[in-house]
Amino acid sequence: MNFKRLVFAVLLSLALTFTLAGCQGGGKEVVHIYNWGEYIDESIFKEFEAQTGIKVVYQTYESNEVLYAKLKGGGANYDVIFPSDYMASRMISEGMLEKLNFDNMPNISKIDETYLNQAYDPDNEYTVPYMWGTVGIIYNPNMIEDEITSWGALFDEKYSGQILMFDNSRDAMGIALLYLGYSINTTDKAQLDEAYELLKSQSPLLQAYVMDQIFEKLEGGEAAIGPYYAGDYIVMLENNPDLLFCLPEEGSNVFIDCMCIPKGAKNKENAEAFINFMCETDIAIRNSIATGYSTPSKEAYEALPEEIKNNPIIYPGKDVLERCETFTNLPQDILDYYDTLWINLKS
Amino acid sequence: MKQHGSTFKGRHFFTIPYVVWMAIFVVAPLILVVVYAFTSKSGQLTLDNFTRMGSFWAVFTRSILLALIATIICLLVGYPLACALAREGPRLQRIFLMLIMLPMWMNFLLRTYAWMTILENTGLINSILSLLGLPNISIINTQGAVVLGMIYNYLPFMVLPIYSVLVKIDSSVIEAAQDLGANSYQVFLKIILPLSLPGVLSGITMVFVPSVSTFVISRLLGGGKNMLLGDLIEMQFLGSAYNPHLGSAISLIMMIIIVVCMMVMNRFGEGEEQAVIL
Amino acid sequence: MSSTNKKNVFGRLLTAIVFIFLYFPIIVLVVFSFNDSKSRKVWSGFTFDWYKELFSNEIILNSFYITLMVAVISAIIATIAGTFAAVGFFNMKKRPRGILLAINNIPVMNADIITGVSMMLLFVSARTLLRFELGFGTLLIAHITFNIPYVILSVMPKLYQLDNNLFEAAQDLGASWMQAFVKVILPEIRPGIVNGLIIAFTMSLDDFIISYFTAGSQIQTLSMSIYSMARKKVSPEINALSTILFVSVLCLLIIINIREARQEKRARKNNLVG
């Protein structure tokens with residue numbers, strides 16, 4: 001008698017049960033969504049499925065660069081992706097995106113025209129804006145007594161061991177460049193080197209390089225200060241109302257994240273149906289409220305509660321936005337240089 | 001095809017499907033790594049990927065150092081543990097063995113994640129320290145935490161091979177030595193240690209190789225600051241600095257490090273075919 | 001090995017410490033699967049909610065199902081293929097066998113990340129040529145590839161331990177090679193095959209790195225979804241799932257252990273009587 005066989009029999013029967021359970025989902029229309037983590041109200045999927053009969057398969061990534069790598073070399077096959085402005089521009093120039101058929105997306109009319117025909121997609125052929133927002137410093141006043149007004153706080157030895165930093169090259173370098181007073185789109189290697197040196201000197205002060213882990217760390221008082229996206233600050237407040245946000249005086253980055261369809265997507269029409277669905281006013285409102293980000297939809301904005309509309313962190317005034325710069329795509333040699341600096345920084 | 005009076009012979013053509021399989025899924029991918037390592041993005045032959053390697057010196061030394069420390073600690077803990085296990089009665093042996101294997105059935109990512117809960121600044125250890133009025137210690141996001149994660153995950157890989165060699169040692173050999181007047185120290189040094197060497201060697205490789213190439217442990221417990229070779233490779237393929245050519249070059253060098261390590265080990269142990277497995 | 005009781009105290013102490021070390025994080029996981037809030041550090045009351053929610057969490061259930069399917073199918077295929085290969089390798093001339101076994105050992109000895117990355121390169125470059133997508137198929141191929149060597153390595157020693165007289169006797173009695181193989185050899189090497197099967201299954205179940213690189217975008221194994229959660233926040237449903245898995249494996253092992261111990265006792269009794 002061998003009881004290892006028993007082990008196996010049990011596991012096999014378990015697996016078979018799951019097979020039967022799994023078969024029910026087969027053969028349906030699907031749409032594969034690849035989105036930033038914490039960047040959608042996941043309850044809308046059920047409604048989309050009910051409305052269209054298309055099943056949503058949902059996965060998340062943590063930065064534009066990871067999205068790029070996964071599409072480029074990971075054997076990925078997604079139908080809808082959410083690159084930011086500069087990454088959308090890079091993907092367009094490298095032929096990685098499908099042209100959209102706007103006949104399938106009548107809801108695009110609801111989007112405020114100021115967010116269309118942006119520099120990254122001048123004729124608005126490839127992208128539909130999803131959300132926009134700014135980057136700022138989020139900090140815990142219980143752990144940091146001073147009022148933060150400058151990016152300099154992230155490089156301050158006083159807060160050593162309490163600082164978090166962006167775990168992607170563009171955002172991290174952007175902050176260093178802003179602090180040094182340069183353009184975040186500089187192609188001057190000397191300026192980039194300077195920014196790199198600044199980040200290198202910051203590294204020993206850091207607790208960690210993070211992306212979405214920052215939620216837990218700041219909410220729970222594990223770390224005191226870190227830069228992140230304004231919308232996520234709004235969400236963090238739900239769990240820790242003490243946290244403060246500062247859009248530094250040196251200016252910041254303002255971004256638009258888009259919905260796009262990668263080249264060769266298997267379910268292009270489903271993807272367009274999904275993008276169209278996302279532009280529906282009540283869906284846009286729910287997403288905007290759940291993520292804390294700012295919606296580019298005119299109707300959705302109008303319908304938002306006053307306290308959100310008038311929240312200067314979510315919808316900053318013109319004076320603030322004038323201090324902010326948008327990331328643009330960089331020439332290939334500078335992109336390679338970014339990669340080199342980034343790897344060197346982290347090693 | 002009767003062969004009267006013959007002993008059992010394998011059918012060599014049985015190997016053909018597997019040999020083809022290996023050629024496609026083991027050898028061809030490795031050749032691809034070599035090809036990628038020696039070409040540039042535009043497909044030209046180049047050595048650039050290797051000339052850049054100098055700037056990763058810190059990562060190489062850090063990975064090897066941390067993996068070595070983890071391996072040594074695993075050996076120092078694992079060997080006596082394996083001896084202690086081998087000395088127990090058969091029933092206890094079976095229970096202990098089971099208990100060592102059991103954690104492996106829980107997802108290793110999850111177990112590593114649990115260490116975050118324990119080690120964080122506001123984690124369990126520090127909460128307990130605060131309760132006792134003791135000063136907090138910061139462990140998470142240090143190299144120490146990464147080594148701890150390696151030891152935690154790979155210690156069973158050290159214990160099991162050593163144990164399986166130790167239990168096979170014929171007790172009559174030891175008794176004979178004792179009869180000849182050897183003390184327990186001599187017995188250990190002259191008999192047990194040499195006989196258990198194959199287990200030790202395979203334990204060392206089974207701890208060192210995954211430790212030197214991990215990217216999960218360093219990511220979760222090292223806070224992205226203590227990059228290891230695995231992180232460096234992952235970063236080039238699915239991470240934040242896409243460049244599979246450079247990634248392949250680093251993989252190739254790592255492979256060479258592993259092969260060199262194993263050759264050195266085989267020198268010591270005179271390469272036993274079956275010593276590898278648990 | 002001979003036993004001296006003095007040393008056993010030290011041995012027991014060490015064993016105890018190591019087991020505390022091994023099980024401490026697991027206990028933390030299990031305890032917090034009953035926690036009444038999403039926190040993984042602060043205890044705020046007892047609840048079964050996460051177990052209820054687990055069964056409505058499609059992402060977790062789906063990835064668990066994929067993990068199980070891959071583990072079962074790859075373990076079975078690898079066991080069959082590996083056994084045949086081992087029988088083929090057996091009695092091969094030393095030189096070619098040495099070379100083939102060395103290649104066979106590559107996936108075992110090589111770092112997982114290199115196996116994963118190299119297979120990903122293969123799949124990605126072949127997919128445009130052969131028009132397939134990375135997904136369950138490539139994941140399965142990868143798992144079979146790293147599982148076969150383990151099966152071979154556990155079947156080979158059993159082949160070397162074979163009693164040649166058995167096979168000879170079978171053939172003398174007129175059995176064909178195939179008959180003798182099935183009736184005599186297979187039962188003899190069965191412990192090795194079963195062992196290989198279990199190792200393959202375990203390896204496949206526990207794998208993260210190779211799956212991470214070869215699964216493409218359509219499916220996720222449990223490890224992969226835990227990894228993507230660990231970059232934000234692992235939801236306590238995962239704790240609940242692991243607790244269930246852990247407890248069921250524990251129970252299974254305890255049952256096996258009790259049964260085996262009983263059998264041993266019976267065997268000993270029989271020996272005494274006989």
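Here are some numbered notes on this predicted model, meant for someone meeting it for the first time.

1. Some housekeeping to start. Residue numbers begin at 1 in each chain as its sequence is written, and chains are lettered from A, with ligands numbered from 1, in the order in which they are written. The model is predicted, so local features need pLDDT of at least 70, side-chain atom pairs count only at pLDDT 80 or more, and totals for chains, interfaces and linings use all residues.

2. Next, confidence. The complex gets an ipTM of 0.89 and a pTM of 0.91 from the predictor. Within chain C, helix 9 (residues 209-214) has the highest confidence, at 96, while helix 7 (residues 164-172) has the lowest, at a mean of 83.

3. Now chain B on its own. Its secondary structure comes to 12 helices and 0 strands; helices here are DSSP runs (H or I, at least four residues), as are strands (E, at least two), and both are numbered from the N terminus. The C-alpha trace of chain B spans about 75 × 65 × 35 Å along its principal axes.

4. One helix pair inside chain B is worth a look. Two packed helices are described by the angle between their axes and the distance between the axes. Helix 3 (residues 57-87) and helix 7 (residues 143-166) of chain B have axes 7 Å apart and pack at about 40 degrees. Axes are lines fitted to C-alpha atoms, for helices over the stretch in contact, and angles run from 0 to 180 degrees between N-to-C directions. That makes helix 3 of chain B oblique to helix 7 of chain B (under 35 degrees counts as roughly parallel, over 145 as roughly antiparallel, 65 to 115 as roughly perpendicular and the rest as oblique). Their contact has 25 nonpolar, 2 polar and no charged residues. For these classes, Ala, Val, Leu, Ile, Met, Phe, Trp, Tyr, Cys and Pro count as nonpolar, Asp, Glu, Lys and Arg as charged, and the others, Gly among them, as polar.

5. On to where chains B and C meet. The contact (C-beta atoms, placed from the backbone, within 7 Å) takes 83 residues from chain C and 85 residues from chain B. On the chain C side, helix 1 (residues 5-32) gives the most, with 12 residues. That side of chain C has 55 nonpolar, 21 polar and 7 charged residues.

6. A helix pair also spans these two chains. Helix 1 (residues 15-37) of chain B and helix 3 (residues 58-89) of chain C have axes that come within 8 Å and cross at roughly 110 degrees, so the two helices are roughly perpendicular. Thr15(B), Pro17(B) and Tyr18(B) meet Ala81(C), Ala85(C), Gly88(C) and Phe89(C).

7. Finally, chain A. An automatic or database domain assignment divides chain A into domain 1 (29-132 + 255-314) and domain 2 (133-254 + 326-346). The domain centres, taken over C-alpha atoms, are 25 Å apart. Their contact takes 23 residues from domain 1 and 19 residues from domain 2 of chain A. Helix 4 of chain A gives the most to the domain 1 side, with 5 residues. The residues on that side divide into 9 nonpolar, 9 polar and 5 charged.

Conventions: Two residues are in contact if their C-beta atoms, placed from the backbone, lie within 7 Å. pLDDT is the predictor's confidence in each residue, from 0 to 100.
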